[in-house]
Amino acid sequence: MAILRTDALVIKRFDLRETSLLVNFYSREYGKLTGELKGIRAEPSKFASPVELFSLNEIIFYQRRNSPVHLVSQCDLKDGFSPIRQNLDRITAAADRHRRRELLGETADGIPGSVAAHGNPRDIEAGRVDARILAGKRI
């Protein structure tokens with residue numbers, strides 16, 4: 001197992017068993033990653049991030065060769081992007097971007113697009129990117 005570090009955006013999260021979370025991340029270096037955060041629900045202080053949707057985190061994970069789910073050993077919050085979550089248009093735009101990426105099948109081993117090609121979360125937060133563009137609609 002290789003130990004890797006990257007900045008990643010939380011795009012989906014699920015409860016896994018009684019104490020763990022299964023989280024889909026998106027990073028520039030590795031594309032879409034699925035990581036298991038063991039024990040975070042039982043002991044939230046174990047990780048330095050609440051792992052909220054559309055938050056930017058620095059993660060350290062063990063890349064498993066035989067499984068698409070990697071073990072996340074550390075997750076530190078870099079930016080919560082709370083204005084995105086407080087504005088319905090922005091959260092809709094972010095969710096639409098995620099859905100389009102899932103439909104394209106972007107994964108760590110074959111990334112057809114990048115964060116830069118679809119818009120930077122900081123630009124969405126600041127309102128510099130029109131939500132209609134991110135939703136794939138013509139203006």
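Trainee: Before we start, what does "buried" mean here?
Mentor: Buried means under 20% relative accessible area, exposed means over 50%, and partly exposed lies in between. The structure above is a predicted model.

Trainee: Is Glu36 buried or exposed, then?
Mentor: Glu36 has a relative accessibility of 6%, so it counts as buried.

Trainee: Which residue does Glu36 form a salt bridge with?
Mentor: The partner is Arg17, and the closest N and O atoms of the two are 3.1 Å apart.

Trainee: Let me change topic. What do the strands form?
Mentor: Five strands form a closed barrel in the order S1-S2-S3-S5-S4, and their pairing is mixed. From one strand to the next, the twist averages 50°.

Trainee: How many bridges join S2 to S3?
Mentor: There are seven bridges between strand S2, residues 20-27, and strand S3, residues 31-37. These two strands run antiparallel.

Trainee: Which residue in S3 does Val23 stand opposite?
Mentor: Val23 stands opposite Gly35.

Trainee: Back to the salt bridges. How many does the structure hold?
Mentor: The structure holds four salt bridges. One of them is the Glu36 and Arg17 pair already discussed.

Trainee: What does Glu58 form a salt bridge with?
Mentor: Glu58 forms a salt bridge with Arg5, and their closest N and O atoms are 2.9 Å apart. Glu58 lies in strand S4 (residues 56-63) and Arg5 in strand S1 (residues 2-16), so the pair ties together parts that are 53 residues apart in sequence.

Trainee: How exposed are Glu58 and Arg5?
Mentor: Glu58 is partly exposed, with a relative accessible area of 22%. Arg5 counts as exposed, at 52% relative accessibility.

Trainee: Which side chain does Lys78 meet in a salt bridge?
Mentor: Lys78 meets the side chain of Asp7, at 2.9 Å from N to O. This pair links distant parts of the chain, with Lys78 in strand S5 (residues 69-79) and Asp7 in strand S1, 71 residues apart.

Trainee: What are the relative accessible areas of Lys78 and Asp7?
Mentor: Lys78 has a relative accessible area of 48% and is partly exposed. Asp7, with 31%, is partly exposed.

Key. Residues are numbered from 1 along each chain as its sequence is written. This is a predicted model: local features need pLDDT of at least 70, side-chain atom pairs count only at pLDDT 80 or more; totals for chains, interfaces and linings use all residues. Side-chain values use heavy atoms; hydrogens and water are left out. Two strands pair if DSSP finds at least two bridges between them. Helices (H or I, at least four residues) and strands (E, at least two) are DSSP runs, numbered from the N terminus. Axes are lines fitted to C-alpha atoms, for helices over the stretch in contact, and angles run from 0 to 180 degrees between N-to-C directions. Buried means under 20% relative accessible area, exposed over 50%, partly exposed in between (1.4 Å probe, protein chains only).
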